Amino acid sequence: MATAGILRSAFVAAGSAADAVAAARREGGVAWIGVDAATVAGVEDVGRTLGVDERRLAQVVQRRRSPRTPRARVTRLEPGVHVLVLGWTRDVEGGARLQGQLELLAVPGALAVLGHELPDEVAPPALLAAVEASLEQVPATTTGEVLGLVVSAVLDHYERILDALEDETVSVVDELFTRRRGEQLQRISRISRPVHAATVATQPLAHGFGYQVGDPSDFGLGGGFAVPLRAEVVYIAGRLQRVDALLDTAQQTYFNLAQDEANRLMSNQADITRKMSGYALLIAIPTIVFSLYGTNFNHIPLIGESWGYGVMLALTLIGCLVAWRKLRTAGWL
């Protein structure tokens, strides 16, 4: 068998994985052991078949059983590596969410691809098809290179979702300056949560592959896959952080615009209140004067003069005009 070939095993029958590993080592290929719905027991069985040290295997299984939300990570198996990557998928509302886990157990001559509740795009069958397509263009000769192709296929899937989310984010930001609506904040929140989760999930990958920079053994698998993979992970993580920052900016912009609108409303209300107070003062002047002359007292200025009524009206009008001018100058009217 050519070194670029992959010996497949669906791991559905007893001994099938062991047979694939033995054949790969005998014929110079890479055994592909794909499990689409891996259980904890299945991970243990595959690990033992690949000859993983029991202490390292117990560490891998313990992480699988942890009730905490899993994060991507890279763990040395000496020789070999365990890579945990989280699935990421679009939801029906146009956002995204983390879904399932992809575990990669790699030792010289064999790669186990173990899926758990993954979206179809990154399930083991889809990844096998992607790797086979890549092998037609760039033949791989080691398990490390095949592992690199698998992780790259997952990161390509991440990037496609990220492209859609970034376009959605830019659309929301553009709309904020033309017409602000309550649903825009919901869209920002719907995009922010998975982007932040994916940012946190991918960081350990860059850290894990970073251990191998300058190490020619590459987890004992050969092929020099760690450095280019780390660069790809860092690129994806950087894009996630930029989109996350853009979403934070969009959210802050939304709140600033909402606050500006609230301030404008308050200012308009204050203007209306001032105008009402000014007009109330203008009405109060004749009201006070007429109320005074409507009382049952005899000793009121001008009350007994024939010309008093005209003078009283003239003084009232002058008082109203003076008050109107003062209010006008002060900007109340």
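Visitor: What is the handedness of the crossing where H5 passes H7?
Guide: In this predicted model, H5 passes H7 in a left-handed crossing.

Visitor: And why are H5 and H7 called roughly parallel?
Guide: Their axes cross at roughly 20°. Angles under 35 degrees count as roughly parallel, so H5 and H7 get that label. The two axes also come within 10 Å.

Visitor: What makes up the contact of H5 with H7, by class?
Guide: You'll find 18 nonpolar, four polar and six charged residues there.

Visitor: Which residues touch the most other members of the largest nonpolar core?
Guide: Leu147 and Phe209, in a core of 54 residues. Strands E2, E4, E5 and E6 are among the elements giving two or more residues to this core, and so are helices H4, H5, H6 and H7. H5 gives the most, with 14 residues.

Visitor: What does leucine 147 contact, leaving aside its neighbours within four places in sequence?
Guide: Val81, Val83, Leu104, Ala106, Leu111, Leu221 and Phe225. Apart from this core lies another, of 19 residues, with Val35, Leu50, Leu57 and Ala112 among them.

Visitor: How do you know whether glycine 87 is buried or exposed?
Guide: Glycine 87 has 2% relative accessibility. Buried means under 20%, so glycine 87 counts as buried. Its place is in strand E4. Not counting residues up to four places away in sequence, glycine 87 touches Arg97, Leu98, Gln99, Gly100, Leu118, Pro119 and Val122.

Note on methods:
Residues numbered from 1 in each chain as written. Predicted model: local features only at pLDDT ≥ 70, side-chain atom pairs only at ≥ 80, totals over all residues. Heavy atoms only, no water. Core = buried A, V, L, I, M, F, W, Y, C linked by side-chain atoms within 4.5 Å. Buried < 20%, exposed > 50% of the residue type's maximum accessible area, 1.4 Å probe, protein only. Helix = DSSP H or I, 4+ residues; strand = E, 2+ residues; numbered from the N terminus. Contact = heavy atoms within 4.5 Å. Axes fitted to C-alpha atoms, helices over the stretch in contact; angles between N-to-C directions. Parallel < 35°, antiparallel > 145°, perpendicular 65-115°, else oblique. Left-handed = near helix turned anticlockwise from the far one by under 90°. Nonpolar A, V, L, I, M, F, W, Y, C, P; charged D, E, K, R; others polar.
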